[in-house]
Amino acid sequence: MNDIFSLADDLGPLKVIHVHEPGIGLQGVLVVDNVARGPSIGGVRMAQDVTTEECARLARAMTFKNAAADLPHGGGKSVLVGDPKMPREQKEVLIRGFSRALEEVEQYIFGPDMGTNEECMAWVKDEIGRAVGLPREFGGIPLDEIGATGYGVSHAVDVAQAFCDFDTASARFAIQGFGAVGKHAARFLCAAGAAPVAVSDSAGTVYNPDGLDLDNLIELKAAGRSVIEYSDAERLDGDAIIDIECEIWIPAARPDVINENNVNRLNAKLIVQGANIPITYAAEKTLHQRGILNIPDFIANAGGVICAAVEYQGAGEAAALSTIEEKLRRNTREVLETAQREQIMPRDAALAMARRRVEGAMSHRRWHIF
Ligand code: NAD
């Protein structure tokens, strides 16, 4: 594991806190990366193999994502060691214990992440009163149910189409991963007139160049089945989604799915990253050289965290959707205009924009730690 000092730079991390309570088998880490823009928001990840280094990297990603989304929040993240599928009672003890141990760190607002959900956030809220991603009973906005991230993705597409030579209303799209992000992105794109020609999930890909029926696909998933059970389409293996000819290609599943070995197979005009880090940096460079427009993850998939920030301010679903629309459109446009003007990759333009916003906030603080 890297020594934590080797991860430190001019932005952070501000605080790294190790929590250990052997009596209940509790072991976790909180990294508050940077709070110059406001208290940090970031999820609690529960898994057996989490590390301090992973936590620090995820916290930095949240610093950039929240700044790029222009939220009044810094970046933080926490990790809890354990099997997320452990018995509910045991998990509740760990989550309550972890939040209680971090009660005084007001610079960190808990949110859900891999291995935790809105019920876990309800326990945190009950213990210390500071969590987002809450159930409706606590005034939460169920972001996966309303499709917050997919909604943002569809606005990123709409802004980006002006930088490509196609019209969303007659565009074909393919989506890798038909879960909370992919399904809702598809729904909003269909509403804009685009046609899904291929979708995949962990079981494989279905493809029909004349278009797939979205309601049918959504019904299959709601019934706990796979998209490959869709009847009026060719069934292909999971990897085949990469080769589909279309205007818009959306990764909405796993990290690093597009890399140097397969990037040249992509046959699209626009990539909008619904998933986190689905494309390696080297593959993004290749896309740039090939003239394929590529909207980076922390710009395109910020809908979820924007929704959480709106919830934290006490506003409702309508406010969340209009804020996502406004921020996603403005930030996508700014990133693409800068990338075009400076002839750089959208990711580099986005990183520079996020860093500028963090440093701008830091310049107004005496010390950004208070
Ligand atoms: P999810 O679990 O609801 O859906 C994931 C989907 O991907 C499932 O349909 C699954 O079958 C499919 N899948 C898994 N492995 C696959 C593979 N190898 N090939 C094709 N499909 C595969 O998850 P989600 O919430 O939709 O999140 C998807 C991605 O988006 C993750 O990277 C997540 O970190 C990121 N993300 C999610 C949100 C959010 O609001 N949910 C916000 C930002 C980023």
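Ala350 is buried in this predicted model, with a relative accessible area of 0%, where buried denotes under 20% relative accessible area, calculated with a 1.4 Å probe and protein chains only. The place of Ala350 is in helix H12, which spans residues 346–363, helices being DSSP runs (H or I) of at least four residues and strands (E) of at least two, numbered from the N terminus. Between the C-alpha atoms of Ala350 and Arg235, which lie 115 residues apart along the chain, the separation is 37 Å.

Because the model is predicted, local features need pLDDT of at least 70 and side-chain atom pairs count only at pLDDT 80 or more, whereas totals for chains, interfaces and linings use all residues. Residues are numbered from 1 along each chain as its sequence is written, and side-chain values use heavy atoms, with hydrogens and water left out.

The ligand is surrounded by 21 residues, the closest being Asp144, Thr149, Ala180, Val181 and Ala253; a residue is counted here if one of its heavy atoms lies within 4 Å of the ligand. By type, this shell divides into seven nonpolar, nine polar and five charged residues, with Ala, Val, Leu, Ile, Met, Phe, Trp, Tyr, Cys and Pro taken as nonpolar, Asp, Glu, Lys and Arg as charged, and the others, Gly among them, as polar.

Oxygen atoms of the ligand lie 2.6 Å from a polar side-chain atom of Thr149, 3.0 Å from an N or O atom in the side chain of Asn276, and 3.5 Å from a backbone N or O atom of Gly274. Two or more residues of the shell come from each of helix H4 (143–146), helix H6 (180–191) and strand S7 (195–201).

Notes:
Polar contact = N/O pair within 3.5 Å; in protein donor to acceptor, adjacent residues only side chain to side chain. Buried < 20%, exposed > 50% of the residue type's maximum accessible area, 1.4 Å probe, protein only.
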